[in-house]
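My notes follow in the order I took them.

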Amino acid sequence: MSPRTQDMGRLAIGTALDPAFIIDLTLAADASLAWRLDFTTGSLFWNPGMDELLGVSGTRDGELGARLREAVGPMIPAARSATPGQDFELEQQLPDASGFPRWLRFRARTYDTGTSTGLFGIASDVTEQREARQALADIADRYRLLVDLTPEAIAVHQQGHVVYVNPAFLRFFGATSHSEVLGRAITDFVHPDSIPAMWQRIKALTTPGATSEPTEVELLRFDGSRLAIESVSVRTTWEGEPAFQVIMRDVTAQKAAEAALRYQAALVSHVSDAIIATDAESVVTSWNPAAETIYGHPAASAIGRLVPELLGSPLTIEDVVRTGGVLRSMHRRSDGSSLAVRVSAAPMDGGYVLVCADETPQRRAERRFATVVASLEEGVIVMTPEGAIESANPAALRILGTKISDLTGVPARPPLLALFDEDGRRIPRSEYPMTTTRMTGIPQNGRLLCIRRVDGTDAWVSLSCRPLNADSAPPHSVVASFSDTTERRRTAERLHYDATHDVLTGLANRAMVVHRLTDTLGRPHRAETIVVLFIDLDKFKVINDSLGHATGDEVLRVVGCRLRQSVRGADLVGRLGGDEFVVLGFGINDPADARALAMHLRSTLVDPIRVDNRELHIDASIGIVLAGPDDSRSADDLIRDADVAMYEAKTNGRGRNEFFDVALRERMQRRLRLEQDLRDAVRLNELVVAYQQVVALPSAKVVGVEALLRWHQPHLGVVSPVEFIPLAEESDLISAIGIQTLRATTHEMARQRQLHGFDLHVAVNLSARQLDNPDLLFTVQHALHTANLPAEALCLEITESALMRDPLLAAKKLDSLRSLGVRIAIDDFGTGYASLSQLLRLPVDILKIDQSFVADLGESSDAAGIVNGIVAMAHAVGLTVIAEGVETAQQLEILCDLGCDQAQGHYFGRPGTPDDIFSSQR
């Protein structure tokens with residue numbers, strides 16, 4: 001059946017409808033039009049005005065019905081299969097007659113009258129309602145966005161549990177999701193101390209919209225930390241039920257700002273600088289306590305007055321700001337006293353703020369410091385970070401030899417500050433101590449430098465420098481202080497020269513010789529041989545003693561000069577002391593070259609030396625030591641060994657040179673040991689006296705004995721007199737030994753004479769040193785007296801060489817001794833240089849022929865002739881002649897034939913103890 005459409009002026013006539021449906025339609029009929037669709041017949045009916053509602057005013061029913069059928073078409077398929085009484089609703093957007101879009105709502109319900117089924121509904125224009133609803137939704141969205149984006153935390157709690165929170169709430173409490181918060185008790189987020197007050201505020205909110213006063217609350221974050229907030233609670237509804245909305249604002253920054261303001265206020269009140277606020281006309285609006293203290297004006301009288309009037313200075317604040325904001329000026333206190341002030345000014349709130357720092361004590365201290373610095377003997381220089389000299393005190397100008405105008409304000413000029421190190425090397429400008437400190441901040445202490453002045457002279461200084469502000473970044477300002485050490489250095493150089501050189505000759509002294517030798521020996525990989533020549537002058541003592549020390553010193557100076565001129569430039573000549581010199585020769589590898597050098601040096605020394613119109617002659621004994629690359633001896637060892645070799649040369653006849661060898665050292669070491677042992681022997685009375693008989697010729701009757709020293713050393717055994725007597729003579733022991741021997745022999749001879757009643761004499765040897773002793777006469781006299789021995793029983797034997805050292809002095813000493821009654825004998829005659837003419841001038845009684853002549857008797861006719869001559873000449877001057885060292889009968893026979901008076905030797909008996917010798921004479 002084809003559907004029909006028609007105006008429904010009598011829409012409900014003849015249709016059985018549900019009363020409830022009719023009521024619903026009636027309620028919804030305001031500004032609405034009814035329509036009905038019969039499913040059975042397909043007919044569509046509507047109220048008049050439907051064409052205007054659908055925007056097709058004036059159209060025919062067929063077109064209107066089609067338009068209506070199209071509008072409700074989406075609900076028809078579902079309605080056909082629905083049960084009666086089921087409701088359907090549809091909103092469609094359709095344009096009106098002018099094309100403006102309108103929203104139409106179609107509401108309908110299925111019916112079944114028994115004869116037919118269909119939809120019965122109404123159509124209404126809901127454009128305004130929909131727009132209102134959309135506006136409301138927009139408002140809700142904007143509110144929701146505002147809540148989500150606000151920095152303030154917002155939460156809604158209902159019946160004590162959280163039902164809503166915004167993102168800021170999650171951030172406040174450190175939560176990561178809503179699930180961590182929703183449903184929890186609101187008190188979980190409030191510090192226990194704040195909970196009671198919170199419930200009281202909420203309890204007071206009894207009506208919707210009621211709001212609490214802003215209150216500070218302390219919350220608990222998820223991590224346990226506390227958060228101070230300002231909270232406002234509002235009575236609201238949530239899903240129709242009463243609830244409370246809480247707005248929370250973080251006041252941490254506010255509290256910090258408030259604390260900062262309080263701090264700033266306290267700072268202004270308590271700082272030592274005057275802080276003054278003014279308006280644009282320089283009228284004071286604020287005057288802190290420090291300003292009261294500094295200027296003496298109370299705040300009550302200062303506020304409202306002009307700044308220049310209060311500061312006592314024609315200060316224009318605008319000028320201070322315009323020129324950089326800082327000014328140093330002189331102000332006056334209320335009592336008229338002066339103030340040195342640093343003023344800082346800046347615009348603030350339409351006026352100005354002044355900070356006035358009282359620098360009066362600082363300026364006073366600076367003046368005093370400047371006075372102190374100016375009076376220092378030490379130079380002081382200040383350098384800017386750019387390397388320019390900023391200031392210098394008078395001492396610095398004096399030491400540097402310049403003027404202040406030439407020094408300050410410009411970088412240090414190379415001629416002025418040319419620096420040299422201790423070795424004379426010029427220091428690059430980039431390595432100057434002040435430059436190093438300026439660029440690194442590292443202090444320099446006690447640097448010894450030479451500064452080349454503008455006039456070309458040098459000044460030695462000890463310089464220290466440090467940054468003025470070590471905490472700042474480089475480059476730094478630097479202060480340098482330096483003292484003039486030029487004179488001290490010259491003195492030190494003189495002292496060093498004196499400490500390393502001989503004052504008399506200008507040669508190196510022992511210390512310098514040892515140092516140079518040690519330094520050369522210690523060089524790594526040394527390949528050269530070192531020659532050490534120890535030089536001792538022969539016959540110098542005679543010159544020194546006879547002509548005086550002034551002449552001796554001049555001789556030493558000439559010797560030093562000749563030695564220095566006779567060696568190469570690399571060699572070293574030194575004086576060790578007295579008449580001992582040393583020469584160090586380097587690079588002399590051949591012993592023959594070393595000996596040639598020694599002979600060359602001797603040849604320069606033997607040339608006559610003229611002093612005070614006298615021509616003096618000297619010679620030298622030289623010891624030579626070679627030290628090869630592998631020699632491990634020290635410098636002192638080499639000098640000692642050279643000394644040993646020199647002594648050997650002197651022992652072998654003077655005017656010679658000898659090389660050192662190990663055997664020579666061992667002999668010298670034995671001599672040293674023997675000398676020490678000999679000292680102990682004298683102290684411990686280990687020396688004993690043996691006696692050898694002297695017989696008359698030709699009867700062989702014993703007429704006397706000679707006292708001979710014997711030494712039995714506990715460790716070495718018997719030590720020959722030939723070995724220890726020269727040691728005693730070279731040392732100071734011979735005098736002590738001589739006195740000890742003289743006392744012992746005089747006592748023993750007196751005892752034996754008294755014991756056995758015979759009339760024998762005893763001969764005792766005197767050394768050259770004993771002869772020089774001024775107490776010799778007293779010593780002999782005292783020995784004779786204490787022993788009770790007649791003087792004629794004592795004979796004192798003196799060697800020929802000892803007498804010939806100074807014959808005149810020896811003659812006087814011998815006269816004094818003979819005056820005591822003792823006899824004098826010349827021992828070892830023939831070994832020296834004496835002549836009979838000299839002997840005639842000496843007061844002697846006996847002449848003893850040396851055993852070297854006696855030993856050749858019977859072997860050489862020359863020996864007999866010499867002995868015969870000596871005997872004849874001695875008898876001619878009234879001297880008794882004694883022959884020493886008689887060993888054989890043949891020698892005895894010849895001596896008797898030659899008329900010799902007495903003899904002694906092993907032929908008559910070996911030396912023995914007193915009991916052995918004197919018992920045979922009973």
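**Salt bridges and a hairpin**

Asp845 is buried, at 17% relative accessible area. I note that this is a predicted model. The cut-off for buried is under 20%, so Asp845 falls on that side of it.

I looked for the partner of Asp845 next. Asp845 makes a salt bridge with Arg818, and the closest N and O atoms are 2.8 Å apart. Arg818 belongs to helix H29 (residues 807-818), while Asp845 sits in the loop between helix H30 (836-840) and strand E36 (846-849). The pair therefore ties together parts that lie 27 residues apart in sequence.

**Total, then a strand-to-strand pair**

How many salt bridges does the structure hold? I wrote down 46.

I picked Glu91 and Arg105 from the strands. Their side chains meet in a salt bridge at 3.2 Å, N to O. This pair links distant parts of the chain, 14 residues apart. Glu91 is in strand E4 (residues 87-95), and Arg105 is in strand E5 (residues 101-112). I checked accessibility for both. Arg105 has 18% and counts as buried. Glu91 has a relative accessible area of 23%, so I logged Glu91 as partly exposed.

**A pair inside one helix**

I then turned to helix H23 (residues 662-684), which holds both Asp680 and Arg683. These two form a salt bridge, with 3.3 Å between the closest N and O atoms. Why are they about one helical turn apart? Because they are three residues apart in that helix. Arg683 is exposed, with a relative accessible area of 58%. Asp680 is partly exposed, at 24%.

**A network**

Asp631, Arg633, Asp637, Arg640 and Asp641 are linked in a network of them.

**The hairpin**

Last, I looked up strands E12 and E13. E12 covers residues 274-278 and E13 covers residues 284-287. They pair in the antiparallel sense, over three bridges. Which residue in E13 does Thr278 stand opposite? I found Val284 there.

Notes. Residues numbered from 1 in each chain as written. Predicted model: local features only at pLDDT ≥ 70, side-chain atom pairs only at ≥ 80, totals over all residues. Heavy atoms only, no water. Pairing = 2+ DSSP bridges. Helix = DSSP H or I, 4+ residues; strand = E, 2+ residues; numbered from the N terminus. Salt bridge = Lys/Arg side-chain N within 4 Å of Asp/Glu carboxyl O. Buried < 20%, exposed > 50% of the residue type's maximum accessible area, 1.4 Å probe, protein only.
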